[in-house]
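My notes follow in the order in which I looked.

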Amino acid sequence: MITQIVAHGSPAHLDEVVAYIELRDMGELTLHGIDTATFRCLTKEDDVAELAEREDTVLLGTGAAFRKENNSHRIFDEHVANGDASRRGECTATLVGKRLGLEEDPAWARILNYVLHTDKNPPNLTLGLAETVMRLQQHGKNLSAIVSYVETALYATLAEQGDFAKALREIIDREQAEGLVIGGETLKIVVVDNETPRIVQAARFFGAAVTIMRS
């Protein structure tokens with residue numbers, strides 16, 4: 001049973017905070033106890049090798065040097081160790097996402113790509129969160145407060161992505177597209193209902209040159 005989730009030395013980064021939220025909310029089936037586990041950063045008293053061997057501990061962003069077949073399901077660390085560079089193009093959040101199958105969800109996949117981009121290209125402000133996560137910790141905010149902050153923004157973004165995906169499916173399912181020829185070029189016209197959130201943005205994504213709002 002998992003009792004603690006330990007991120008690398010303070011401050012925790014955005015990818016580790018997102019990874020924790022993923023594990024807490026969707027990891028219980030694969031890691032029993034994860035939904036109530038304590039989330040903390042490494043301290044100078046911690047021995048990473050010892051933590052890697054503990055069956056009750058998940059490591060985020062640390063522990064790659066001690067990853068083995070019997071503990072790899074508890075160590076989410078993209079850093080190169082012992083010549084293993086297979087996770088170099090990942091971050092903690094994407095490693096967790098793949099373990100949980102979240103990359104199959106278009107909304108989550110987009111979020112995870114944003115977080116990965118931030119992790120590899122600091123100080124890019126993915127979701128407006130990366131720099132804020134660091135700053136809040138540097139000014140004394142505890143990790144639980146950081147998680148609450150990120151969680152609110154994360155799920156708001158997921159809801160928005162869900163609205164967009166739903167609107168796009170509605171357009172595709174109804175096949176609401178007609179061609180308009182202007183100057184020898186065929187342009188796409190889409191007729192939409194105004195009750196559907198983000199329907200106009202979805203129509204543009206679908207390739208509409210003209211969108212007609214029915215009200």
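Which helices each supply at least two residues of the lining of the second largest pocket? I found that α4 (106-120) and α6 (143-174) do so, where helices (H or I, at least four residues) and strands (E, at least two) are DSSP runs numbered from the N terminus. I note at once that this is a predicted model, in which local features need pLDDT of at least 70, side-chain atom pairs count only at pLDDT 80 or more, and totals for chains, interfaces and linings use all residues. Residues are numbered from 1 along each chain as its sequence is written, and side-chain values use heavy atoms, with hydrogens and water left out.

**Pocket.** I read a volume of about 180 Å³ for the second largest pocket. Of the 10 residues that line this pocket, Pro-106, Ala-107, Gln-161, Phe-164 and Ala-165 are the closest to its centre. For the term, I keep to a 1 Å grid over the protein atoms alone, on which a pocket is an open set of points where a 1.4 Å probe fits, with protein on both sides within 12 Å along at least five of seven lines, and lining residues have an atom within 4 Å of a point. The volume is the space filled by probe spheres set on the points, which are joined across faces, edges and corners. The largest share of the lining, five residues, comes from α6. By class I noted five nonpolar, two polar and three charged residues in the lining.

**Helix α3.** The buried residues are Thr-92, Ala-93, Thr-94, Leu-95, Val-96, Gly-97 and Leu-100, and they pack against α1 (14-26), β3 (57-60), β4 and α4.

**Glu-78.** Leaving aside neighbours within four places in sequence, I listed its contacts (heavy atoms within 4.5 Å), among them Asp-15, Arg-87, Arg-88, Asp-119 and Lys-120.

**Salt bridges.** I noted eight salt bridges in the structure, each a side-chain nitrogen of Lys or Arg within 4 Å of a carboxyl oxygen of Asp or Glu. Glu-53 and Lys-68 meet in one of them (2.8 Å, N to O); because Glu-53 lies in helix α2 (residues 48-53) and Lys-68 in the loop between β3 and β4, the pair ties together parts that are 15 residues apart in sequence. Glu-53 is partly exposed at 41%, and Lys-68 is partly exposed at 42%. Arg-54 and Asp-56 also form a salt bridge (2.8 Å, N to O), in which Arg-54 is partly exposed at 33%, whereas Asp-56 is buried at 17%. My last entry is a network of salt bridges that links Arg-24, Asp-25 and Glu-151.

How values were computed:
Nonpolar A, V, L, I, M, F, W, Y, C, P; charged D, E, K, R; others polar. Buried < 20%, exposed > 50% of the residue type's maximum accessible area, 1.4 Å probe, protein only.
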